[in-house]
Amino acid sequence: MLKLNLRETGTCPVCEGECSVTAIRSIWNSNTRGYVETATNVPCTNCGGQYMFGTPSGMSPLNKEGVPCKHSYTRPDVGYRSSTYSVTRCEHCNDKLTVDSGD
Ligand SMILES: [Zn+2]
Ligand SMILES: [Zn+2]
């Protein structure tokens, strides 16, 4: 069977394979007429959720040190910029991320 992605992967260090992480969100409470901080699960943005139309897989590519990468994307390269999206790369594993610039 042909495998297009030959990069080795490991358990995502951010969500630990759970595909979601806990985030604190401010939610309007109409009873107290104020915002309350609530813990909610959001899709992990380290193992797939960061991509356009992507879904978290719970797996992350190995980086230069050979450990599952906790991505740190550099600022979009001006040279790659187009009118609709820009491309940025992870400084640890060179993973490519296309960002909709929305303009
Ligand atoms: Zn993850
Ligand atoms: Zn990375």
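Visitor: Where is arginine 33 placed in this predicted model?

Guide: Arginine 33 sits in the loop between strand 2 (20-29) and strand 3.

Visitor: Why is arginine 33 called exposed?

Guide: The relative accessible area of arginine 33 is 64%. Exposed requires over 50%, so arginine 33 qualifies as exposed.

Visitor: What makes the backbone of arginine 33 worth a remark?

Guide: Phi of arginine 33 is near 50°, which is positive, and the residue is not a glycine. Most residues other than glycine have a negative phi. Phenylalanine 53 is another non-glycine residue with a positive phi, about 65°. Phenylalanine 53 belongs to the loop between strand 3 and strand 4.

Visitor: How do you know whether phenylalanine 53 is buried or exposed?

Guide: Phenylalanine 53 has 84% relative accessibility. The limit for exposed is over 50%, so phenylalanine 53 counts as exposed.

Visitor: How many aromatic pairs does the whole structure hold?

Guide: The search finds 1 aromatic pair. Tryptophan 28 and tyrosine 35 form this pair.

Visitor: Why is the pair of tryptophan 28 and tyrosine 35 called edge-to-face?

Guide: The ring centres of tryptophan 28 and tyrosine 35 are 5.0 Å apart, with 70° between the planes. Centres must lie within 6.5 Å for a pair, and planes over 60 degrees apart count as edge-to-face. Both conditions hold, so the pair of tryptophan 28 and tyrosine 35 is edge-to-face.

Visitor: Which accessibility classes do tryptophan 28 and tyrosine 35 fall into?

Guide: Tryptophan 28, with a relative accessible area of 45%, is partly exposed. Tyrosine 35, at 60%, is exposed. Under 20% is buried, over 50% is exposed, and partly exposed is in between.

Visitor: Why do cysteine 12 and cysteine 15 count as buried?

Guide: Cysteine 12 has 1% relative accessibility, and cysteine 15 has 4%. Buried means under 20%, so cysteine 12 and cysteine 15 count as buried.

Visitor: Which residues donate to the zinc ion (ligand 2), and what makes its site tetrahedral?

Guide: The protein donors are Cys69 (SG), His71 (ND1), Cys90 (SG) and Cys93 (SG), at 2.0 to 2.4 Å from the zinc ion (ligand 2). Angles among the 4 donor atoms are 106 to 114°. They fall between 85 and 135 degrees, so the site of the zinc ion (ligand 2) is tetrahedral. Along the chain the donors follow C-x1-H-x18-C-x2-C. Histidine 71 is in the loop between strand 4 (59-61) and strand 5 (85-89), and cysteine 93 is in the loop between strand 5 and strand 6 (96-100), so the pair ties together parts 22 residues apart in sequence. Histidine 71 and cysteine 93 are both buried.

Visitor: How do you know that the side chain of asparagine 46 reaches histidine 71?

Guide: The side chain of asparagine 46 is 2.7 Å from the backbone nitrogen of histidine 71. The limit for a polar contact is 3.5 Å. Asparagine 46 lies in the loop between strand 3 (34-43) and strand 4, and it counts as buried because its relative accessibility is 5%. Its contacts beyond four places in sequence include Cys12, Ser60 and Cys69.

Visitor: Why is serine 60 called buried, and what does its side chain meet?

Guide: Serine 60, in strand 4, counts as buried because its relative accessibility is 0%. A polar atom of the serine 60 side chain lies 2.6 Å from the backbone oxygen of cysteine 69. Among the residues serine 60 touches are Gly10, Cys12, Asn46 and His71.

Visitor: Which strand has the lowest mean pLDDT, and which the highest?

Guide: Strand 5 has the lowest, at 82, and strand 1 (residues 9-11) the highest, at 96. The chain averages 86, and 83% of the residues score at least 70. Where pLDDT is low, the predicted coordinates should not be read in detail.

Methods:
Residues numbered from 1 in each chain as written. Chains lettered and ligands numbered in written order. Predicted model: local features only at pLDDT ≥ 70, side-chain atom pairs only at ≥ 80, totals over all residues. Heavy atoms only, no water. Buried < 20%, exposed > 50% of the residue type's maximum accessible area, 1.4 Å probe, protein only. Donors = N, O, S within 2.8 Å, 3.2 Å for Na, K, Ca; no water. Tetrahedral: all angles 85-135°; square planar, octahedral: opposite > 155°, others 65-115°. Helix = DSSP H or I, 4+ residues; strand = E, 2+ residues; numbered from the N terminus. Polar contact = N/O pair within 3.5 Å; in protein donor to acceptor, adjacent residues only side chain to side chain. Contact = heavy atoms within 4.5 Å. pLDDT = per-residue confidence, 0-100. Phe/Tyr/Trp six-rings, centres within 6.5 Å; stacked < 30°, edge-to-face > 60°.
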